[in-house]
Amino acid sequence: MRGLIILLIATFIAINSSAQFLNKLKQKAEQKAEKALDKKLGLGQEENKNSGNNQNSSGTNSGNSTSEGGARYGKSNPSNKGGGGLVSAPPDVKQNLDDAEASYKKGTYGEARYSIQQAILGVELEIGNQILKSLPDAVAGLKKDETQDEVSSNGFGWAGLTIQRKYLDNNDKQLTFLIANNAAWMAAVNTYMNMGGMAQQTNGQQNWKQTKFKGNRAIIEYSESSGYKLSVPIGQSSLLIFEGVNFNTEPDFMKAANEIDAEAIKKQLGEQ
Amino acid sequence: MKKYIVIFSILISTVGFSQEFDKSLASARSAYSSKDLSNARFAMTQMLGVLDEAIAKEILRMLPTKMASLDYNVKEDRTTGGSGGYASGLYVNRYYGKDAKTASIEIINNSPLITTINAYLNMPMMGMGDSNQKNIKVQGYKCILKKEMPTDDGKQAYELQIPFNNTLLTLKANDTTEAEITQFANLIPLAKIATVAQ
């Protein structure tokens with residue numbers, strides 16, 4: 001019996017070591033094949049430069065050439081070192097209107113629709129940029145950060161224009177101002193407005209309430225982590241959102257928001 | 001006679017679209033030239049509505065007037081260019097048959113269901129476990145076939161959803177079989193509709 005057990009253990013060790021040997025042999029063969037392939041493709045030198053890092057990071061998977069960020073043949077894809085980015089070119093409104101007219105006359109309505117969507121996109125981007133230009137350079141002592149200005153549109157008209165401006169200082173105090181000309185968001189805000197029962201209160205600390213902003217009904221919210229947020233529906237389909245981080249009090253935040261000329265924005269958006 | 005009435009109404013509506021389009025185009029150009037951007041945008045959204053309506057009419061003309069033995073109900077044809085302000089896209093609806101045995105085709109552009117349907121079609125795991133739903137192909141297009149709850153008298157209804165990019169075609173049929181609804185779907189010129197609706 002004892003002899004049988006010893007024989008079984010010896011057989012197991014022999015099989016295991018033979019499997020390990022075969023596995024190593026297989027890995028060696030794969031590495032050789034990859035090196036030969038890289039040499040043919042002219043990738044050998046770069047692989048040698050990177051091989052140290054790759055082996056360290058890939059650990060036991062070093063034989064698997066696709067384990068590191070989609071690397072192929074044991075080599076990472078090159079990272080982009082510049083190219084100037086996309087040429088900033090908003091759609092040419094007049095040209096797109098001409099194209100739409102031509103497509104419409106030909107009866108290719110799908111093409112005409114695409115051109116109109118591009119024209120709307122162009123006009124909305126112009127509206128957005130005009131509004132950004134009209135906003136004050138500073139609000140409540142916070143300076144505008146033009147690098148974070150954003151205008152986006154989906155070209156469907158009245159459904160997806162958003163404009164963003166940030167004001168900040170060097171002490172983590174920040175006011176983000178967002179204008180959304182977006183019917184879907186309006187529906188959500190109007191639901192809040194029309195359901196007084198949706199007011200929130202936690203342990204006597206009210207974090208949500210209805211308020212007024214320059215005569216418009218609005219909602220103000222507070223959260224310990226994100227600060228103050230004021231949402232003001234204006235006109236038929238636009239929404240102004242102010243988000244204040246590190247404002248001391250609600251009146252401080254409201255005073256800052258009041259420095260924005262909501263009526264002028266409403267007029268620029270063509271709202272009643 | 002019915003045929004002539006249809007042709008006449010198509011001609012009338014085409015002239016109407018053209019006038020509306022030209023009017024909105026002139027308004028858009030004039031408003032844009034005078035830097036009245038909000039009114040330029042409004043005129044353009046009106047044009048989108050006109051185009052959606054024209055596309056919808058064109059799709060209606062492509063749809064079969066008969067689904068096997070079921071005739072279409074001309075009075076119930078519906079088309080809408082929905083971009084008159086708050087929603088964009090086209091809508092086409094045609095009904096077939098009478099009484100319990102009916103079918104309908106609905107085509108919606110920019111449907112909110114598109115994302116979910118494409119997820120079902122491209123991730124088979126999502127649909128697993130629902131014995132009343134399966135993915136099939138019609139004219140090479142992947143679709144979702146749903147078996148509805150039978151009616152009180154035991155008649156079976158099916159629904160077939162076919163997405164093309166941002167357009168969704170839904171075919172519904174009552175008192176039918178899986179084979180018959182597939183046969184109905186094969187009567188619809190899907191490739192042509194997909195091209196026009198985009």
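Leaving aside its neighbours within four places in sequence, which residues is K172(B) in contact with? This is a predicted model, and the tour begins at that residue.

**Stop 1: K172(B).** Select residues 167-173 of chain B, which form strand 9, and find K172(B) there. Now show A103(B), S104(B), A157(B) and E159(B): these are the residues that K172(B) contacts once its neighbours within four places in sequence are set aside. Is K172(B) buried or exposed? Because 20 other C-beta atoms lie within 10 Å, K172(B) is buried.

**Stop 2: two helices of chain B.** Select helix 2 together with helix 6, residues 190-197, both in chain B. Their axes come within 10 Å and cross at roughly 175°, so helix 2 of chain B is roughly antiparallel to helix 6 of chain B. To see where they meet, show I55(B), E58(B), I59(B) and M62(B) on helix 2, then K192(B), I193(B), V196(B) and A197(B) on helix 6. Coloured by class, this contact has six nonpolar residues, two charged and no polar ones.

**Stop 3: chain B against chain A.** Keep helix 2 of chain B on screen and bring in chain A. Here 25 residues of chain B are in contact with 24 residues of chain A. On the chain B side, the elements giving two or more residues are helix 1 (2-33) and helix 2 (37-62). Helix 2 of chain B provides the largest share of that side, 14 residues. By class, the side of chain B that touches chain A has 15 nonpolar, seven polar and three charged residues.

Note on methods. Residues are numbered from 1 along each chain as its sequence is written. Chains are lettered from A and ligands numbered from 1 in the order in which they are written. This is a predicted model: local features need pLDDT of at least 70, side-chain atom pairs count only at pLDDT 80 or more; totals for chains, interfaces and linings use all residues. Two residues are in contact if their C-beta atoms, placed from the backbone, lie within 7 Å. Helices (H or I, at least four residues) and strands (E, at least two) are DSSP runs, numbered from the N terminus. Ala, Val, Leu, Ile, Met, Phe, Trp, Tyr, Cys and Pro count as nonpolar, Asp, Glu, Lys and Arg as charged, and the others, Gly among them, as polar. A residue is buried if 20 or more other C-beta atoms lie within 10 Å of its own, exposed if 12 or fewer, and partly exposed in between; C-beta atoms are placed from the backbone. Axes are lines fitted to C-alpha atoms, for helices over the stretch in contact, and angles run from 0 to 180 degrees between N-to-C directions. Angles under 35 degrees count as roughly parallel, over 145 as roughly antiparallel, 65 to 115 as roughly perpendicular and the rest as oblique.
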